[in-house]
Amino acid sequence: MDTLPNVNTRRGGNKPSHAGLTSNVSPKVQSPQAENSHTGVTSDFVPKANHQWFVLRILRNHLKAVTDAFKKADVLYYIPMRYEKVEISGKIRLLEKPFLPGLVFAYMTRERTHDFVKQPAKTASYLKYYTDKTKPIEPDTQLNPPITISDGRMKSFIKVVETKNEHILATSKDRCHFKSGDYFKVVCGDFKGVVGQVVRAAGQQRIAVELNGIGYVLTAYIPSDFMEKIKDDLIEHR
C-alpha cells in the first residue's frame, strides 16, 4: 500500500504547493525532556524493549492537543517537517511545513497506545491508528493491524528529514525506478548513515527508505561513491 503523495521540489520539477500551515514544531524527535530545546532528540534515540514506532492519524486542528498529551505521558514522538525556500520581503527564507500532513509517529508499546486511541481517552476522538489494509483483520479488534516502523528505518527516515534539504521527496513505489533489490548505506555527505535501496526518481539517483504500508521517503541526489552495499544479515526487513 503506497499512500504518500509525490512531492517534487527539484528545479524543473513540480512546484510545491504553498497550501498548508507554517509550524514552529522542530523537525526532530521530541521528548518531554527536550521540549525547551530548539533541536530536540535526534535520530540517535535509544531503542527500548517491546516499543515500536506507531503511525497515528491526527484529525485536523488537534496537533497541539496530541503532542501535549504525549509530553504529559512522557511518550517519545516525531512529527516530520519539510523546508521550502521562499522569498519574503526580498529575502530568501526557509518555510517549515508538515512533510506528512496528518501523521504523527509515537514510540511506545501496543498496550500503551490504548491510553491514547481507545475510549475513554480524551485523545481517542481525534487520534487513530493508521492501519495496514494489506494485512488480515485482527480477531480482537475486528480491524486491520496498526502500521509500525522498525527502529532502524525510523533512524534513517529521521536522518533524511533532519538534513532540512528541500529536495527530499515523499512518494509511492510506482514513481521509483529501483536499480536492484540490494540495500546500501550512505557513508558520507549530509545523508551519512541513511540505509535504503538505490532508486532513480525525479531524474536523480537517490536512496529510498521504505515506511511499510505508507510509501517511500527519498534523499536528494546521492553519488555512487557516497554509498556502500550492506550485507543481507545486517538489514532490517521489517
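**View 1. What covers the buried residues of helix 2.** Strand 2 (52-58), helix 1 (63-72), strand 6 (103-108) and strand 7 (127-129) are among the elements that cover the buried residues of helix 2, where contact means heavy atoms within 4.5 Å. This is a predicted model, in which local features need pLDDT of at least 70 and side-chain atom pairs count only at pLDDT 80 or more, while totals for chains, interfaces and linings use all residues. Residues are numbered from 1 along each chain as its sequence is written, and side-chain values use heavy atoms, leaving out hydrogens and water. Helices (H or I, at least four residues) and strands (E, at least two) are DSSP runs, numbered from the N terminus. In helix 2 (residues 110-117), look for T113, F116 and V117, the buried residues; buried means under 20% relative accessible area, with a 1.4 Å probe and protein chains only. Seen down the helix axis, these buried residues fall within an arc of 80 degrees, so they line one face of helix 2. The arc is taken from the directions from the helix axis to the C-beta atoms.

**View 2. Aromatic rings that pair up.** The whole structure holds 10 aromatic pairs. Rings of Phe, Tyr and Trp (its six-membered ring) pair if their centres lie within 6.5 Å; planes under 30 degrees apart count as stacked, over 60 as edge-to-face and the rest as tilted. F45 and W53 make an edge-to-face pair, 5.2 Å centre to centre with 70 degrees between the planes. F45 counts as buried at 3% relative accessibility, and W53 at 0%. F70 and F116 are also edge-to-face, because their ring centres are 5.0 Å apart and their planes stand at 70 degrees. F70 belongs to helix 1 and F116 to helix 2, so this pair ties together parts that are 46 residues apart in sequence.

**View 3. Charges over rings.** The charged end of R57 sits over the ring of Y130, 4.1 Å from its centre. K155 lies over the face of F45, at 4.3 Å from the ring centre. For this, NZ of Lys or CZ of Arg must be within 6 Å of the ring centre and within 35 degrees of the ring normal.

View 4. The strands follow the order 9-13-12-11-10-14, with antiparallel pairing; two strands pair if DSSP finds at least two bridges between them. Strand 9 (169-171) and strand 14 (227-229) are the edge strands, each pairing on one side only. Strand 12 (residues 204-211) and strand 13 (residues 215-218) are joined by 4 bridges, and A208 stands opposite L218 in strand 13.

How values were computed:
Buried < 20%, exposed > 50% of the residue type's maximum accessible area, 1.4 Å probe, protein only.
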